[in-house]
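Let's take a walk through a protein model together. Please keep the sequence and the 3D view open, and look up each place as we come to it.

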Amino acid sequence: MEKIIDTARALVAGDKGLLAMDESNPTCNKRFARLGIPQTVESRRAYRELIVTTPGLGECISGAILYDETIRQQKKDGTPFVKVIIDAGIIPGIKVDTGAKEMASHPGEKITEGLDGLRYRLAEYSHMGARFAKWRAVLAVGEGIPSRGCIEANAQALARYAALCQEAGLVPVIEPEVLMDGEHTLKRCREVTEEVLRMVFDHLYTQGVMFEGMLLKPNMVLPGLACPSQETVEEAADATMKCLLQAVPAAVPGIAFLSGGQPAELASARLNAMNVRFKSRLPWPLAFSFARAIQQPALEIWQGEEAYVSAAQQALLQRARCNRAARRGEYTAAMERT
Ligand code: 13P
C-alpha cells in the first residue's frame, strides 16, 4: 500500500496536474470529425505522438491517462508511448471503464460499465507500466434526475473498481462527473454534487477502499450551460470549495478537477480562484486532470497536418503552463497572450 500512497501523492505534488488523453475511439473520432481530420488508427496514433512528444510537457504534467488503444501504441520510430511518457518524467495511467451506457429503467440516465474481467485487465495494464487508473461515472441533471438508483449504482461501481485497483497496486482516480448540460442553477449543481460525493465516499468506505491511496476527479460546481444566470469565477470557486469541504474526507491525498467542456481559459481561471481563495485552508491540494481544457486548442491547430505539429505542441504546452500557474494561484488573463 505504501507504493500506492506514494504514487497518489506524486500525481498531485508541487504544481503539476494530470493530462487526460484517454478519449475512447468513438469520442476521439467525433472530435476529429468536427475538424475534418481522418478518423483512423493512424490519425489517432499520430495525434497521441504529438501530445507525448511535446517538449517540456513534464514540467507541468505529473501523469497522463491513456486509453487501451494508446497504451499499446508507439512513436513512428517504434518507441512505445509508455516509454516516451516515463522518459519525460510523467507517470502513465489508463482509463479502465468501458463507457457509460443507458441505464435500464432509468430514462435519461447512464451507468458506467467495465467491472467484468477488470482484475485481469488491471494486471495487464500494470505489467505494461500503468501506475494509476481512471473510471468515469456520469450524472445528468434534470427534472427528477439524477435518481437515487443511478447515483447509488454508479457509486457502487466506482467503489468496486477502486478496490480492484488498489489490490492490483494501481491508484484509482475516481471520477463522478455531474454534467454541465442543461438549465440547472449553480445551487442545484452544488446539491447534486454533494449528494453524489457523499454516496461515493460511503460506498468507497463500504468496499474497503483506502482513502490515502486514491485521487478524486470531480466536476467544479457550476451553473448548467443553458442556465440564464452564470455566476462569476469567484462565486463558482466558493460554491465548489464549500461543497467539497462538506463531502470529501481529509485523508484523500488530492483533488484533480475535470474540465467538462468549459472554455479552456475559464477552467484555468476557476482553478486559480479556488487556489487563491482557499489553498491555505484546505486538507488536500487542488490540481487539474483536464482533457479538453488542455488539448482542444492544440487539436484545432493540428488539423491532422504534419506541418502544424510544432505549433500544436506549443499550444498544448501553453495550456499546461496556464494550469500549472492556476495551481499556484498565479494565473492571469495576461498569460493567454504570451
Ligand atoms: P474533460 O477535462 O474534457 O472533461 O475530460 C476529463 C476526462 O477525463 C473525462 O473523463
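**A guided tour of the chain**

The accessible surface of the chain comes to about 13900 Å², and 51% of that surface belongs to carbon and sulfur atoms. Such areas come from the Shrake-Rupley method with a 1.4 Å probe, and for residues only the protein chains shown count as cover. Please keep in mind that this is a predicted model, in which local features need pLDDT of at least 70 and side-chain atom pairs count only at pLDDT 80 or more, while totals for chains, interfaces and linings use all residues. Residues are numbered from 1 along each chain as its sequence is written, and side-chain values use heavy atoms, with hydrogens and water left out.

Let's begin with the overall form. The chain holds twelve helices and ten strands; these are DSSP runs numbered from the N terminus, with at least four residues (H or I) for a helix and at least two (E) for a strand. Along the principal axes, the C-alpha atoms fill a box of roughly 50 × 45 × 40 Å. Why can we speak of a compact globule? A compact globule of 338 residues would have a radius of gyration near 20 Å, and the 19 Å of this chain agrees with that. The radius is taken over C-alpha atoms, and the globule rule is 2.2 Å times the number of residues to the power 0.38.

Next, look at how the chain packs. Of the 338 residues, 57% are buried. Here buried means under 20% relative accessible area, exposed means over 50%, and partly exposed lies in between (1.4 Å probe, protein chains only). A contact means heavy atoms within 4.5 Å. Among contacts between residues at least 6 apart in sequence, 78% join residues at least 24 apart.

Now step inside. The largest nonpolar core has 100 residues, where a nonpolar core is a set of buried Ala, Val, Leu, Ile, Met, Phe, Trp, Tyr and Cys residues joined through side-chain atoms within 4.5 Å. Helix 7 (residues 148-167) gives the largest share of this core, ten residues. Which residues have the most contacts inside the core? They are Tyr161, Leu204 and Phe257. Leaving aside neighbours within four places in sequence, Leu204 is in contact with Leu158, Ala159, Ala162, Ile174, Val209, Phe211 and Met214. There is also a second, separate core of 15 residues, which includes Leu11, Val173, Leu215 and Ala287.

Some spots in the backbone deserve a look. Ser105 sits in the loop between strand 4 (100-102) and strand 5 (110-112). Its phi is near 60°, a positive value in a residue other than glycine. Is Ser105 buried or exposed? Ser105 counts as exposed because its relative accessibility is 70%.

Helix 11 (292-302) brings us to another positive phi. The buried residues of helix 11 are Ala293, Ile294, Gln295, Ala298, Leu299 and Trp302. After the helix comes Gln303, with a positive phi near 55°. Gln303 belongs to the loop between helix 11 and helix 12 (309-328), and it counts as partly exposed because its relative accessibility is 41%.

Helix 12 itself contains Arg324. With a relative accessible area of 17%, Arg324 is buried. Lys16 is 308 residues away from Arg324 in sequence, yet their C-alpha atoms are 5.6 Å apart in space.

Ser268 is part of helix 10 (residues 264-278), and it counts as buried because its relative accessibility is 0%. Beyond four places in sequence, Ser268 touches Arg319, Cys322, Asn323, Ala326 and Tyr331.

Let's finish in the loop between helix 3 (41-52) and strand 2 (61-66), the place of Pro55. Pro55 counts as exposed because its relative accessibility is 54%. Setting aside neighbours within four places in sequence, Pro55 is in contact with Gln313 and Leu317. For a sense of distance, follow the chain from Pro55 to Gly208: they are 153 residues apart, and 40 Å separates their C-alpha atoms.
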